[in-house]
Amino acid sequence: MSYVDEVFNLVVEKNPAQPEFHQAVKEVLESLRVVIEANEEAYRRDALLERLVTPERQLLFRVPWVDDKGQVQVNNAFRVQFNSAIGPYKGGLRLHPSVNLGIIKFLGFEQIFKNSLTGLPIGGGKGGSDFDPKGKSDREVMAFCQSFMTELNKYIGADTDVPAGDIGTGAREIGYMYGQYKRIRGVYEGVLTGKGLSYGGSLVRTEATGYGLLYLTEEMLKCNGHDIKGKTVVISGSGNVAIYACQKAQQLGAKVVTVSDSTGWIYDSEGIDVVLLKEVKEVKRARLTEYAAARSSAVYHEGKSAEGAGSGVWSVKCDVALPCATQNELLLDDAKALVANGCIAVAEGANMPTTIEATQYLQENGVLFAPGKAANAGGVATSALEMSQNSERLSWTFEEVDGKLKNIMVNIFHNLDDAAKKYNMEGNYVAGANIAGFLKVADAMTAQGIV
C-alpha cells in the first residue's frame with residue numbers, strides 16, 4: 001500500500017465519525033500523490049504526513065452562560081491548533097449549531113494550505129462552538145462570548161494563535177470577545193482580527209473574502225482567454241462573502257443574478273441590488289423574501305439552498321458560478337446542470353462547498369475550477385495584514401490594503417498555476433493549490449526537526 005493510502009486509512013481509523021475531515025484529507029492527499037511519491041522515503045522516515053494530518057493541539061471545552069430568562073445554557077466549544085510551522089495559528093471562530101470537532105478539524109486542515117498560499121507567515125487553526133447567535137439578544141451574545149473567551153484566552157495570543165470571525169461571528173461577537181480578552185489578560189494586542197476600526201481593525205477586512213474571490217477569478221479567466229466583463233454570474237449565500245463578491249463582480253462589469261439563504265433563493269433578472277441586499281441581510285438580518293418584496297425584477301424560490309441539499313441557484317444559466325454559502329452545497333447534479341448551461345468557471349467562496357464528485361465532473365468537462373483554499377484566501381490574507389498593522393501601531397488606507405489584497409490574490413493564482421504545470425497537471429488548480437501550499441509547509445516542518 002502506498003504511503004498516501006496508509007495515512008488516509010489511519011486518519012479514518014483514528015478520527016471516526018468525522019466525514020468532513022476525512023473528505024478534506026482525502027482531497028488534499030490525492031492531489032499531492034505525485035509529490036509525495038517523489039519524496040516517499042524521506043517523508044515516511046520523518047512521518048511527515050502523519051504529523052501533517054494530526055493537529056498539534058485540540059481544545060474542547062464547555063461554555064456556560066445565562067440567557068435573558070435567567071436560565072443557564074451550556075454549549076460545546078473547540079479550538080484546533082493544527083500547524084504552526086510557518087507562523088502562529090490563524091483561523092476563524094464559527095458559531096453555528098452544526099459545529100462539531102470534525103467540522104473544525106476539516107476547516108483547520110484546509111487553513112494550513114490556504115494560509116501558506118497567501119505567502120504570509122501564518123499557520124493553520126480553527127475554532128468555534130455549537131452556539132447559535134441567531135435570535136439571541138445582544139446581552140445573550142455578550143454573555144456567551146465573554147464566557148467563551150474566559151476559557152479560550154489561556155491558549156491564544158498575538159504571537160501564538162490569532163482567531164478571527166467566520167459564520168456567525170461578526171464584528172459584534174469579535175468586539176465582545178476582544179473586550180473580555182483584554183479585561184482578563186490586561187494587554188492590548190492584535191490577538192483577534194476582524195476588529196472594529198475604532199480599536200485596531202483593518203479597512204477592507206469586511207470586503208476581503210468576497211473581493212479576493214473576484215480578484216482571483218478575474219485573473220484565472222484572463223489567463224485562460226476570457227474577460228469577466230459582461231459575464232453572467234450566479235452566487236449562493238447572502239452573508240459577508242456573497243455580498244462583497246456580488247459587489248466586486250458588478251464593479252468589474254459582470255452581472256450577478258442570484259443569491260440564496262438557508263430557506264430559499266433569489267433570481268433577479270436586472271442584476272442583484274447590493275444596497276438592498278445589504279439592507280436586508282446586514283441591517284434587518286432578515287430573509288430574502290424581504291428582498292423580493294422590495295424589488296419587482298426579483299423572483300423568490302422557496303427551498304433549502306445553502307444546507308447541502310442542492311441549490312436552485314445552480315440551475316440558472318451562467319458563465320461563472322461562485323458558491324459562497326457552506327460546505328458540500330454544490331452536488332454532482334448541480335455540476336451537471338452548470339456544464340449543460342455552458343458555465344466556464346467555478347470559484348469557491350466558501351470552504352469546500354463543492355463535493356469531490358462535483359469537482360471532478362466540472363474538471364473533466366473543461367470548467368475552470370478554483371478551490372476555496374486559494375479562491376477565498378483573501379479574508380485570512382487581510383487578517384494577516386491587520387496583524388501587521390497592529391504590530392506596527394499603524395492604520396493603512398482602504399486603497400493600500402485593497403492593493404495589497406489584489407496583489408496577494410493574483411500571486412496565489414500564479415503560484416497554483418505554476419505548481420500544476422510543474423507537475424504536468426496544467427489547468428488542475430485544485431492540485432496546484434494543494435501542492436503549492438504543501439511544499440512550503442513541508443519544507444518548514446522538515447527544517448524545524450521532529451516537533
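Helices (H or I, at least four residues) and strands (E, at least two) are DSSP runs, numbered from the N terminus.

The model is predicted: local features need pLDDT of at least 70, side-chain atom pairs count only at pLDDT 80 or more, and totals for chains, interfaces and linings use all residues. Residues are numbered from 1 along each chain as its sequence is written, and side-chain values use heavy atoms, with hydrogens and water left out.

**Helix H12.** Now select residues 332-340 and colour Asp334, Ala335 and Leu338, the buried residues of H12. Their arc around the axis is only 100°, so they sit on the same side of H12; the arc is that of the directions from the helix axis to the C-beta atoms. After H12 comes glycine 342, with a positive phi near 85°.

Go to alanine 47, in the loop between helix H3 (40-45) and helix H4 (48-53). Its phi is positive, about 50°, although alanine 47 is not a glycine. The residue is partly exposed, at 25% relative accessibility. Arginine 393 also has a positive phi, of about 55°, without being a glycine. Find arginine 393 in the loop between helix H15 (378-392) and helix H16 (398-422); at 67% relative accessibility it is exposed.

**Alanine 384.** Step back into helix H15, where alanine 384 lies. Alanine 384 is buried, with a relative accessible area of 6%. Leaving aside neighbours within four places in sequence, alanine 384 is in contact (heavy atoms within 4.5 Å) with Leu120 and Ile122.

**Helices H2 and H5.** Display H2 (residues 19-38) and H5 (residues 101-117), which pack at an angle of about 25° with their axes 7 Å apart. That angle makes H2 roughly parallel to H5. Angles under 35 degrees count as roughly parallel, over 145 as roughly antiparallel, 65 to 115 as roughly perpendicular and the rest as oblique. Axes are lines fitted to C-alpha atoms, for helices over the stretch in contact, and angles run from 0 to 180 degrees between N-to-C directions. To see the contact, show side chains including Phe21 and Val25 of H2 and Phe106 and Phe109 of H5.

**Salt bridges.** The whole structure has 22 salt bridges, each a side-chain nitrogen of Lys or Arg within 4 Å of a carboxyl oxygen of Asp or Glu. Select arginine 139 and aspartate 68, whose closest N and O atoms are 2.7 Å apart. Arginine 139 is in helix H6 (residues 138-152) and aspartate 68 in the loop between strand E1 (57-66) and strand E2 (72-83), so this pair ties together parts that are 71 residues apart in sequence. Arginine 139 is partly exposed at 38% relative accessible area, and aspartate 68 is partly exposed at 46%.

Next, pick aspartate 261 and lysine 281, joined by a salt bridge of 3.0 Å, N to O. Aspartate 261 is in strand E7 (residues 255-261) and lysine 281 in helix H10 (residues 274-283), 20 residues apart. Aspartate 261 is buried at 5% relative accessibility; lysine 281 is buried at 17%.

Finish at Asp5, Glu30 and Arg33, which are linked in a network of salt bridges.

Note on methods. Buried < 20%, exposed > 50% of the residue type's maximum accessible area, 1.4 Å probe, protein only.
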